[in-house]
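Subject: The structure you asked about

Hi there,

Here is the structure, ready for you to open next to your own notes. My walk-through follows below it.

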Amino acid sequence: MTAPWSCLQFDVGNSSAKWRLLVAGEVVERGRYQADDAASRSALLDCAPAPQAIWISSVADEKSNQALAAMLRERWGIEPWFAVSEAETLGLHNSYAQPERMGVDRWLAMLGARASHAGRLCVVDAGSALTIDLVGADGVHEGGYIIPGPGLMERALLLDTDRVRFSEAADYRLQPGRSTAEAVRHGIALAQAAAVRQALEVAGEGVSLFLTGGGGSWLHEQLGGHGELVPDLVLDGLQLMAEIRAN
């Protein structure tokens with residue numbers, strides 16, 4: 001069996017989903033989907049008359065996954081395939097005792113990164129959570145870190161402190177803040193960038209950095225352009241994993 005000529009692929013996070021449509025191996029359309037947003041729903045359901053396959057990477061809860069699958073089945077009559085982290089895929093070896101418990105987005109991002117680089121890797125996915133994973137040149141997952149993303153950090157600080165309050169706008173930057181708003185958001189920015197730098201220091205020399213996720217571009221900039229920014233890294237890994245299942 002050959003890979004589908006037309007394939008709809010999803011990277012589903014905790015708050016929204018990113019999708020792309022491939023035809024003959026080329027991305028012809030892409031967008032974002034939120035269940036409570038009618039415009040994004042219409043854009044998704046009108047993107048293709050009949051894709052031959054639907055592949056999904058999801059870290060959402062089971063209820064959300066079932067709702068998405070039902071909508072796609074109703075629109076195209078296709079049963080979506082959901083990727084799950086495995087003990088081994090294409091030479092990438094999972095370090096978890098229960099491989100399926102690893103977030104599939106992390107697994108697929110590592111898989112996508114390995115496809116373009118044969119050495120040691122540090123794969124960073126900057127989303128609702130900041131995940132950092134290290135992979136040896138032999139394909140063995142050396143372990144990783146899961147850290148609250150900027151939004152989670154900010155909400156935790158506001159929930160658990162009485163005097164840290166602000167209403168003014170402030171960007172996430174690295175220089176010291178000169179107001180409570182700046183101090184909070186610049187502190188969060190410092191923590192995010194410092195976490196990646198420290199992970200690279202712990203890993204030692206000879207590690208290639210890959211960044212992805214909604215905050216990947218921002219983080220790449222804060223790190224002085226260090227590493228390779230690959231916005232579709234999870235979807236690239238999804239394609240690799242699904243293709244070997246189809247053959």
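**What I found**

Helix α5 (residues 180-203) is 24 residues long and spans 34 Å from its first C-alpha to its last, close to the 34 Å expected at 1.5 Å a residue; the expected span is 1.5 Å times one less than the number of residues. Helices here are DSSP runs of H or I with at least four residues, strands are runs of E with at least two, and both are numbered from the N terminus. Directly after α5, Gly204 has a positive phi of about 90°.

Before going further, please keep in mind that this is a predicted model: local features need pLDDT of at least 70, side-chain atom pairs count only at pLDDT 80 or more, and totals for chains, interfaces and linings use all residues. Residues are numbered from 1 along each chain as its sequence is written, and side-chain values use heavy atoms, with hydrogens and water left out.

An open sheet of 5 strands runs in the order β3-β2-β1-β4-β5, with mixed pairing; two strands count as paired if DSSP finds at least two bridges between them. At its edges are β3 (26-33) and β5 (81-82), each with a single partner strand, so one side of each has no neighbour in the sheet. Strand β1 (residues 6-12) and strand β4 (residues 53-58) are parallel partners over 6 bridges, and Asp11 sits opposite Ser57 in β4. Helix α2 (residues 62-76) packs on this sheet and touches β1, β3, β4 and β5, where contact means heavy atoms within 4.5 Å. The direction of α2 makes about 170° with that of β4; axes are lines fitted to C-alpha atoms, for helices over the stretch in contact, and angles run from 0 to 180 degrees between N-to-C directions.

Strand β2 (residues 17-23) pairs with β3 in the antiparallel sense over 7 bridges, with Val27 in β3 as the bridge partner of Leu22. Their hairpin has 2 residues between the strands, and Ala24 takes a positive phi near 55° there. Most residues other than glycine have a negative phi. Ala24 is exposed, at 53% relative accessibility; buried means under 20% relative accessible area, exposed over 50%, and partly exposed in between (1.4 Å probe, protein chains only). Leu90, in the loop between β6 (88-89) and β7 (92-93), is another non-glycine residue with a positive phi, near 50°. At 43% relative accessibility, Leu90 counts as partly exposed.

**Another sheet**

Here, too, is an open sheet of 5 strands with mixed pairing, in the order β10-β9-β8-β11-β12. Its edge strands, β10 (141-148) and β12 (228-229), each pair on one side only. Strand β9 (residues 129-135) pairs with β10 in the antiparallel sense over 7 bridges, and Ile132 stands opposite Tyr145 in β10. Helix α5 packs on the sheet, touching β8, β9, β10 and β11, and its direction makes about 15° with that of β9. Helix α3 lies across β8, β9, β10 and β11 (207-212), at about 135° to β8.

**Cores and buried residues**

A nonpolar core is a set of buried Ala, Val, Leu, Ile, Met, Phe, Trp, Tyr and Cys residues joined through side-chain atoms within 4.5 Å. The largest has 24 residues, and those with the most contacts inside it are Trp107, Leu108, Met110, Val123 and Leu233. At least two residues of this core come from each of β4, α3 (104-114), β8 (120-126) and α7 (233-246), and α3 gives the largest share, 7 residues. Beyond four places in sequence, Leu108 touches Ser57, Ala83, Leu233, Val234, Gly237, Leu238 and Met241. Apart from this core lies another, of 19 residues, including Phe10, Val12, Cys47 and Trp76.

Gln222, in helix α6 (residues 216-222), is buried at 15% relative accessible area. Leaving aside neighbours within four places in sequence, Gln222 contacts Leu174, Ala193 and Arg197.

**Cysteines**

How many disulfides does a search of the whole structure find? There are 0, counting a disulfide as a pair of cysteine sulfur atoms within 2.5 Å. The sulfur of Cys7 is 11 Å from the closest cysteine sulfur, in Cys47, which is too far for a bond. Cys7 is buried at 3% relative accessibility, and Cys47 is buried at 8% relative accessible area.

Best wishes
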